[in-house]
Amino acid sequence: MTHRILILGGTTEARQLAGKLAARADCSVTLSLAGRTENPIAQNVPTRVGGFGGAGGLAAYLNDMRIDLLVDATHPYAARISANAAQAARMAGAPIVALRRPGWEPVEGDRWTEADTVGEAVQALGAVPRRVFLALGRQEVAAFEAAPQHHYLIRSVDPVEPKLAVPDADYLLSRGPFRQDDERMLLENHRIDVVVSKNSGGAATYGKIAAARALGIEVVMVRRPDLPDVPSAETVDELAAMVDHFVEPAAERGV
Ligand code: NAP
């Protein structure tokens, strides 16, 4: 019997999980991407791209494709799709499991200022001009036009278009992972005095946080949004090990 698994992705872990499950003879895996990145990394498993049309559209997809398990392996800040996934799974009566990478915790030496939203992060920079490193998605950086007094260094995977309507901004195109030594050099070369970051968790983008700590630089950390309460695993291996439980016929699960 083949288990049909839909993985909502857009993260490194989703790609790793898809590869791991696709290697199993009893799993047929489809990876779903939002289509935000212009040149996504090759995924090596069947991939579909684009939104489903809300929770109702995703529920219809789960039914039409007879999906046995929905895996939400989206980014921790992709709150809309995670909410849709939980609702769609309920509507379609399909099991769901989420891959929830733990967030970073501040440690000795960190100078974090936490903000609930990107708008709050803009305010947290204050009125006095500063040299700011924006390590946020290109969709979020537009909010910083509200504080044009700062110098911005903006790093993104795809070009920020249109450019920010601020007088002083540099753009850097780059895709992680980013090493701490390189991040430190970047912060020093650009004389950055504050970093704005999401609490993405994981090792791939932690370098800038560790580098900021080493240099005594403040980090304005945008807190994670609330996500639906569904069964979850913290790592790819943990989730892969849970799959059998979820895809067993309900009667055998004792449900
Ligand atoms: P979002 O606000 O939660 O989702 C907006 C809409 O995009 C959803 O309602 C859905 O459209 C569509 N969508 C999102 N993820 C999808 C997926 N994996 N497959 C198909 N449709 C998807 O999400 P977002 O913040 O725009 O992020 C989009 C994607 O980028 C996610 O897959 C996420 O994992 C990845 N990503 C996000 C961040 C971030 O910081 N937000 C960072 C790195 C990667 P419909 O309602 O039409 O189905």
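**View 1. Helix H2 passes helix H3 in a right-handed crossing.** In this predicted model, H2 covers residues 54–64 and H3 covers residues 79–92, and the two pack at an angle of about 50° with their axes 8 Å apart. Helices here are DSSP runs of H or I with at least four residues, numbered from the N terminus, and axes are lines fitted to C-alpha atoms over the stretch in contact, with angles running from 0 to 180 degrees between N-to-C directions. H2 and H3 are therefore oblique to each other, a word for angles that are not under 35 degrees (roughly parallel), over 145 (roughly antiparallel) or 65 to 115 (roughly perpendicular). A crossing is right-handed if the near helix is turned clockwise from the far one by less than a right angle.

**View 2. Helix H5 and helix H6 also form a right-handed crossing.** H5 (residues 180–189) and H6 (residues 207–215) pack at an angle of about 55°, their axes being 8 Å apart. Contact, meaning heavy atoms within 4.5 Å, involves residues including Arg 184 and Leu 187 in H5 and Lys 208 and Leu 215 in H6.

**View 3. The protein chain is divided into domain 1 (3–102 + 226–253) and domain 2 (112–222).** These bounds come from an automatic or database domain assignment. The contact takes 10 residues from domain 1 and 12 residues from domain 2, while the C-alpha centres of the two domains lie 30 Å apart.

Residues are numbered from 1 along each chain as its sequence is written. Local features need pLDDT of at least 70 and side-chain atom pairs pLDDT 80 or more, whereas totals for chains, interfaces and linings use all residues, and side-chain values use heavy atoms, without hydrogens and water.
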